[in-house]
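Hi,

Here is the structure I promised to pass on. Have a look at it first, and then read my notes below.

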Amino acid sequence: MNKRILILLILMGTAGCFEADQNDLGLKPQAVTKRDLYQRISMSGTVQTAKQQMVLAPYDGNIKKIYVEIGQKVIVNQPLVSIESNASLGSNYPLRSNFPGTVTQISVREGEFVRGKDQSTILVRLDDLSQLFIRAKVSEADYPKLKLGQKADISVQALPSLRLKGEVTQISLAPDGDGSNSWRRGNDSVEYPVELKIIEAPSELRPGMSAIVDAITGEKKDALSIPHEYVQRKGRGFTVETTKGDSIEVKMGLQTDQYLEVLNIPEGTMIKPVDFYGDLKQ
């Protein structure tokens, strides 16, 4: 019986030590470890084409003939659609393509009446699908981090299995808006237009698809780092506490959403997690 009690006490003591090494969130001490760090900013955007032709009716009339179909590739000056004018029968010369591309939309039928110069009715839409890019918006908080030539990871909502690569090619110097001051604080948000080229765009990609862009604004290979939950603010600086009870002021390098680089702590140093609840109780 005494032997069993002794074993039980040892086990309880071990459990107590195990729990003492954890914080209230269940985090355990963690070693300073080398990781590849990537600092990113996220933006939402849409897939766009560099060239696009929206064919409108130049005058009132009925659709005489549609020469193309959706998905068809056309060359320059190829007939797309013709309209017979009600004012002058026989005026049904065809409207033609301005550049080589693909027919992506036809919104009328032969015989249908259309209003001249009606912006709401696009007879035929033509896109150059060989030149796709992303048009996105970056917040003013992240704007200073964004630079031309930075690489980006792109995910498309309609094609979740695809992971695309991109590159920042254009950053606007003025915020998005209509030229007035209404953009400044109308919805308490200022955003700047950004364009990114898509590297090796897949054939399934279509204009107008929604995309999430993660632009890589900083990276470092084999950086000594720890999770944010192990670093505590102290005054104007930041500190960590080792499992040996030492408090170290941290010299920080690159920071990501999960980790931060530590410049003055050796690899393998065991760091205790911050006791957030303990701080609140105090």
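Asp127 has a relative accessibility of 0%, so this residue counts as buried (buried means under 20% relative accessible area, exposed over 50%, and partly exposed in between, with a 1.4 Å probe and protein chains only). Before you go further: this is a predicted model, where local features need pLDDT of at least 70 and side-chain atom pairs count only at pLDDT 80 or more, while totals for chains, interfaces and linings use all residues. Residues are numbered from 1 along each chain as its sequence is written, and side-chain values use heavy atoms, with hydrogens and water left out.

Back to Asp127, then. You'll find this residue in strand β10 (residues 124-127). Helices (H or I, at least four residues) and strands (E, at least two) are DSSP runs, numbered from the N terminus. The side chain of Asp127 makes a polar contact of 2.7 Å with that of Arg125. A polar contact is a pair of N or O atoms within 3.5 Å; within protein, one must be able to donate a hydrogen and the other to accept it, and residues adjacent in sequence count only if both atoms are side-chain atoms. If you skip the neighbours within four places in sequence, Asp127 is in contact (heavy atoms within 4.5 Å) with several residues, including Thr49, Phe99, Thr104 and Pro207.

Where does β10 belong? It is part of an open, antiparallel sheet of four strands, in the order β3-β10-β8-β5. Two strands pair if DSSP finds at least two bridges between them. The edges are β3 and β5 (73-74), each with a single partner strand, so one side of each has no neighbour in the sheet. Two bridges join β5 to β8 (residues 101-106), and Val74 has Gly101 as its bridge partner in β8.

There's also an open sheet of three strands, ordered β16-β17-β18 and paired antiparallel. Its edge strands are β16 (232-234) and β18 (247-249), which pair on one side only. β16 and β17 (residues 237-241) are joined by three bridges, and Lys234 has Gly237 as its bridge partner in β17.

Next, have a look at β4. Five bridges join this strand to β6, running antiparallel, and two bridges join β4 to β9 (residues 113-114), again antiparallel. Gly61 stands opposite Ser85 in β6 and also opposite Val114 in β9.

Now for the rings. How many aromatic pairs are there? The count comes to two, where rings of Phe, Tyr and Trp (its six-membered ring) pair if their centres lie within 6.5 Å, and planes under 30 degrees apart count as stacked, over 60 as edge-to-face and the rest as tilted. Tyr59 and Tyr93 have ring centres 6.3 Å apart and planes at 65 degrees, so they form an edge-to-face pair. This pair links distant parts of the chain: Tyr59 is in the loop between β3 (52-55) and β4 (61-66), and Tyr93 is in the loop between β6 (79-85) and β7 (94-96), 34 residues apart. Tyr59, at 19% relative accessibility, counts as buried, whereas Tyr93, at 49%, counts as partly exposed.

Finally, the whole chain: it has two helices and 21 strands, and buried residues make up 34% of its 282 residues.

Cheers
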